[in-house]
Amino acid sequence: MGACQHLCESAVGGFSDNNYWSSTENSANNAWKQNFNNGNQNNNNKSVGWCVRAVRGFEQASVSPGCNVRRVFYDPAAHCVIKGKRSNWKGLPDDKSLFHSRPGCGLPIGNLTSQVFANFYLNSFDHFMKHTLALRYYGRYVDDVVVVHQDPAFLNSLLPVIRAYLQQELGLILHPKKIFLEHYTEGVKYLGVVLKPRRIYVANRTKGNMYRALLKYNQIAQTHKPWHAERTAFQSSINSYLGLMKHYHTYSLRRSMLRKHLSPWWLRLAKANARLEKFTLKIRPRRSKRGRFSKKQRLKRV
């Protein structure tokens, strides 16, 4: 799928260069919005007065050469801000980078639109698997697919059929190194966990990634006092692992990893809740120019 999606103004246009509310909530108080000027997506408090667009339905329209086309999503490879070093990309396969993709193809990993577009694009594949092949135990999350069947020979026979459909109908290929046939008693690795009949374990790869993230931010805290951007990055990174682990029986694992591997410096800047499910940044009151707290701040502290 392309990084840029175009809408014909005569069909569904009329958008201003502003933020528009979506119909998707981020929390009880926040909802997602779409910026039609630069393509950014973010969430805001629902009390903010952004634009809305009532839509009853869209009809498929042919785009003629004279149609006024409006760019909704910009090309991330052309408008990105590179914060790291080029040397960090050594060994990265070309198919993992948008800088090596064909023009108009590819989506940034983690973008909300990539999840939505995957469901639209692979909808026919889901129907093919469930109805044409009559697979009772089939599941998909974005591009990760799992099929359960009692006959391993039958599962092996599905591979050429699935390959042919994906290539002929959708122009896709199965990754040759990411096809696994495993007995359920050995556990099935799926979405960062290992699925077993009566228990779900966090995969060693997920634990290793969290361990390396903790070491990375410990090194930052040892060299200097973390800036606000680094604190926010720490909160987002560690909370992503805690958010995944909290869905499984991993309280002891989370407690052990944080106690053993998290620097005490970060505990001065962030605080975990009682269940170790997320970190929140501590907000310290600002001092006056004389180095003292104001009268209002002193009352709050009392």
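Hi everyone. A residue counts as buried when its relative accessible area is under 20%, as exposed when that value is over 50%, and as partly exposed in between. Keep that in mind while we look at this structure, which is a predicted model.

Let's begin with serine 47. You will find serine 47 in the loop between β4, residues 41-45, and β5, residues 69-71. Is serine 47 buried or exposed? Its relative accessibility is 63%, so serine 47 counts as exposed. Serine 47 and asparagine 30 are separated by 17 residues in sequence, and their C-alpha atoms lie 8.6 Å apart in space.

Next, the helices. Two packed helices are described by the angle between their axes and the distance between the axes. Here we have α4, residues 123-132, and α5, residues 152-170, which pack at an angle of about 150° with axes 11 Å apart. Angles over 145 degrees count as roughly antiparallel, and that is why α4 is called roughly antiparallel to α5. The crossing of α4 and α5 is right-handed. Which residues make the contact? From α4 come Ser124, Phe125, Phe128 and Met129, and from α5 come Val161, Ile162, Tyr165, Leu166 and Leu170. Sorted by class, the contact of α4 with α5 has 8 nonpolar residues, 1 polar residue and no charged ones.

Now on to the strands. Strands of a sheet pair through backbone hydrogen bonds, either parallel or antiparallel. Take β6, residues 138-141, and β7, residues 144-147: these pair in the antiparallel sense over 4 bridges. Tyrosine 141 has aspartate 144 of β7 opposite. How many residues sit between β6 and β7 in their hairpin? There are 2, and valine 142 in the turn has a positive phi of about 55°.

My last stop is an open sheet of 3 strands, with the order β8-β9-β10 and antiparallel pairing. Which strands stand at the edges? They are β8, residues 188-190, and β10, residues 199-202. Each has a single partner strand, so one side of each is left without a neighbour in the sheet. On average, neighbouring strands of this sheet are turned by 30° against each other, direction ignored.

Let's zoom in on one pair there. β8 and β9, which covers residues 193-196, run antiparallel and are joined by 3 bridges. Within this pair, lysine 189 stands opposite valine 194 in β9.

Technical notes:
Residues are numbered from 1 along each chain as its sequence is written. This is a predicted model: local features need pLDDT of at least 70, side-chain atom pairs count only at pLDDT 80 or more; totals for chains, interfaces and linings use all residues. Side-chain values use heavy atoms; hydrogens and water are left out. Buried means under 20% relative accessible area, exposed over 50%, partly exposed in between (1.4 Å probe, protein chains only). Two strands pair if DSSP finds at least two bridges between them. Axes are lines fitted to C-alpha atoms, for helices over the stretch in contact, and angles run from 0 to 180 degrees between N-to-C directions. Angles under 35 degrees count as roughly parallel, over 145 as roughly antiparallel, 65 to 115 as roughly perpendicular and the rest as oblique. A crossing is left-handed if the near helix is turned anticlockwise from the far one by less than a right angle, and right-handed if clockwise. Contact means heavy atoms within 4.5 Å. Ala, Val, Leu, Ile, Met, Phe, Trp, Tyr, Cys and Pro count as nonpolar, Asp, Glu, Lys and Arg as charged, and the others, Gly among them, as polar.
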